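These are my notebook entries on a structure that I am reading for the first time. I set down what I looked up, one topic at a time.

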Amino acid sequence: MDNMDSNRIVLLGAGGQLASDLEIAIPEENLTPLKETDLDICDFMKTRNILEDLKPDVIINTAAFVRVDDCEDQVEKAFQINAHAVRNIALICEDLDCSLVQISTDYVFDGEKREPYLEEDLPNPVNVYGASKLVGEYFALNYCQKSVVIRSSGLYGAAGSLGKGGNFVETMIKMAEAGKPIRVVDDQILTPTYTVDLADAILNLIGKGVFGTFHLTNQGSCSWYEFAKEILSRKNMKADLTPIPTSHYPTPARRPRYSVLENKRLVDVGVGLLSTWQDALRRYLIS
């Protein structure tokens, strides 16, 4: 991590799936992790006061309302956390002359492209979650000159997702162990991304001192069904696993059918590509 040794980093959303791996990767003496119980990022004045006292060089914001289907019913909450709070944090970062790393999502795209999305491709979210995260991106980039927006996809890690009660890998294993029939959509294509790999890449990116929007995922792509099949295969588990079309699994929020992200700018700035999603899954399962 070039230039990372002396950076004072505040991590918002501590304890979450990605944040937990960032906490491991960042030297303890450089890090102030703040959980939702420590700081309500929607409270502008309290957030400003706390961050001014901490005087960080970098703020990494992993805090988000991530329950995609719930966002459809709780639109105001989604925009409050995923957009308005980001604007406040960006304004504070600009005043403190510190960098902002804002974590975003592949769901800012509509999935109609059918080949990997580049950072400069036009977003067009098809659900409230994606729309709220996109507005958060705009606020970060437009209100803080030293901002980095990182879009990723299909996250899984040891901590699970606090907002979702686990991760996809563990859900598949538990269902197979219970002997339950498993039905998984095979027409939504993504790149599953291991949060250990993502955390390391984020810190390498911070060390480069570059700004703007970056796509950051493991390499390759698969459907959710193919991901499930690989999980069970690597665990040597037999299961009643069947692919289904999205139309057979209706959800309140639409999902993009294809949301693979090309990590073009990562290569441009000299940060190496992450491993394949298959290799990342292998390492997760033996960790």
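Entry 1. I begin with a definition: a helix here is a DSSP run of H or I with at least four residues, and helices are numbered from the N terminus. With that settled, I looked up Glu52 and Arg48, which lie 4 residues apart in helix α2 (residues 44-54) and are therefore separated by about one helical turn. I also note that the model is a predicted one. The side chains of Glu52 and Arg48 form a salt bridge, at 3.3 Å from N to O. Are the two partners buried or exposed? I found Glu52 to be partly exposed, with a relative accessible area of 32%. Arg48, at 16% relative accessibility, counts as buried.

**Entry 2. The protein as a whole.** I next recorded the overall figures. The secondary structure comes to 10 helices and 12 strands. The C-alpha trace spans about 55 × 35 × 35 Å along its principal axes. I compared the radius of gyration with the value for a compact globule: for 287 residues that value would be near 19 Å, and the protein has 18 Å, which agrees. Buried residues account for 51% of the 287 residues. The accessible surface is about 12900 Å², and 48% of it belongs to carbon and sulfur atoms. I then took the contacts between residues at least 6 apart in sequence; of these, 80% join residues at least 24 apart.

**Entry 3. Ala199.** Ala199 is found in helix α7 (residues 195-208). How far from Ala199 is Ala19, in sequence and in space? The two are 180 residues apart in sequence, while their C-alpha atoms are 8.0 Å apart. Setting aside residues up to four places away in sequence, I find Ala199 touching Leu18, Asp21 and Leu22. Its relative accessible area is 1%, so Ala199 counts as buried.

**Entry 4. Further salt bridges.** Side chains of opposite charge can pair when their charged atoms come close. I searched the whole structure and noted 15 salt bridges. One that I followed up joins the side chains of Asp187 and Arg257, at 3.5 Å from N to O. Asp187 lies in the loop between β7 (182-185) and β8 (189-190), and Arg257 in the loop between β12 (241-244) and α9 (264-268), so this pair ties together parts that are 70 residues apart in sequence. Arg257 is partly exposed, at 34% relative accessibility.

I turned then to Asp279 and Arg282, whose side chains meet in a salt bridge at 2.6 Å, N to O. They are 3 residues apart in helix α10 (residues 277-286), and about one helical turn separates them. Asp279 counts as partly exposed at 24% relative accessibility, and Arg282 counts as partly exposed at 34%. Which residues does the network around this pair include? Salt bridges with shared partners join Asp197, Asp279, Arg282 and Arg283 into one network.

**Entry 5. Asp110.** Asp110, in the loop between β4 and α5, is buried and has no salt bridge. The nearest side chain of opposite charge is that of Arg254, 7.2 Å away. What does the side chain of Asp110 reach instead? A polar atom of that side chain lies 2.9 Å from the backbone nitrogen of Glu112. The side chain also makes a polar contact with the side chain of Tyr117, at 3.2 Å. Beyond four places in sequence, Asp110 touches Tyr117, Asn124, Val126, Pro256 and Arg257.

**Entry 6. Glu119.** My last entry concerns Glu119, placed in the loop between β4 (99-105) and α5 (128-143).

How values were computed
Residues numbered from 1 in each chain as written. Heavy atoms only, no water. Helix = DSSP H or I, 4+ residues; strand = E, 2+ residues; numbered from the N terminus. Rg over C-alpha atoms; globule rule 2.2 N^0.38 Å. Buried < 20%, exposed > 50% of the residue type's maximum accessible area, 1.4 Å probe, protein only. Contact = heavy atoms within 4.5 Å. Areas by Shrake-Rupley, 256 points an atom, 1.4 Å probe, with all protein chains shown as cover. Salt bridge = Lys/Arg side-chain N within 4 Å of Asp/Glu carboxyl O. Lys, Arg positive; Asp, Glu negative; His and termini not counted. Polar contact = N/O pair within 3.5 Å; in protein donor to acceptor, adjacent residues only side chain to side chain.
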